[in-house]
Amino acid sequence: MHTSCQRGDYRIATDPASLDMVAIHAYLTRSYWSPGIAFERVQRAAANSLCFGLFHGVEQVGFARVVTDKTTFAYLADVYVLEAHRGQGLSKWLVQTVLAHPELQGLRRFLLATADAHGLYAQFGFQPLAKPERMMQIVQS
C-alpha cells in the first residue's frame with residue numbers, strides 16, 4: 001500500500017519508485033550511524049523495508065525506513081532531514097506520518113536508536129528501554 005501526503009511544498013511518499021537512492025546514500029554515508037556505507041547495502045535495506053521519502057518538489061530532502069513484520073514489531077531507522085530544510089517541523093511531520101501508516105498500527109513493539117534526537121522521539125511516546133539488560137546485539141561492519 002503506497003501512501004502520499006502533502007504539506008505546502010513538501011510531500012511524503014511511500015512508493016519505492018519515488019525514492020532517490022543516490023540522494024539517500026549521499027546522506028547516509030556521511031551520517032554518524034552509517035559512515036561510508038556501501039550504495040548496494042543502502043539499496044538492499046530500502047528494498048526490504050517500508051520507506052518514507054520526504055520531497056521538496058522533486059528533490060529528496062529526507063527519509064525514514066521501517067523494518068517490520070507489520071504485525072508485532074517495527075524498527076525505525078535512517079531518519080533524516082537535510083540541513084537546509086530543518087527548523088520547519090519536517091522531522092516531526094515525518095515521524096508522525098510513519099507512526100500513522102496503516103500497516104504499522106497495533107504493533108506490540110516499535111524500537112529505534114538515536115544519539116541525539118531523544119526529544120523528538122519522546123514527543124511520540126518513545127522512551128528508554130525499560131529493561132535494557134534483556135536486549136542483545138551482534139555488530140558487524
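Leaving aside its neighbours within four places in sequence, with which residues is Val66 in contact?

Analyst: This is a predicted model, in which local features need pLDDT of at least 70 and side-chain atom pairs count only at pLDDT 80 or more, while totals for chains, interfaces and linings use all residues. Residues are numbered from 1 along each chain as its sequence is written, and side-chain values use heavy atoms, with hydrogens and water left out.

Beyond those neighbours, Val66 is in contact (heavy atoms within 4.5 Å) with Ser49, Leu50, Phe52, Ala74, Tyr75, Leu76, Val98, Leu104 and Phe110. Phe52, Val66 and Phe110 are the residues with the most contacts inside the largest nonpolar core, which has 35 residues. Such a core is a set of buried Ala, Val, Leu, Ile, Met, Phe, Trp, Tyr and Cys residues joined through side-chain atoms within 4.5 Å; buried means under 20% relative accessible area, exposed over 50%, and partly exposed in between, with a 1.4 Å probe and protein chains only. Among the elements that each supply at least two residues of this core are strand S3 (50-56), strand S5 (73-81) and helix H3 (90-100). Helices (H or I, at least four residues) and strands (E, at least two) are DSSP runs, numbered from the N terminus. In soluble globular proteins, nonpolar side chains tend to be buried together.

Val67 lies in strand S4 (residues 59-68). Val67 counts as partly exposed because its relative accessibility is 33%.

As for Cys51, its relative accessibility is 4%, so Cys51 counts as buried. Its sulfur is too far for a bond (a disulfide needs two cysteine sulfur atoms within 2.5 Å), because the closest cysteine sulfur, in Cys5, is 15 Å away.
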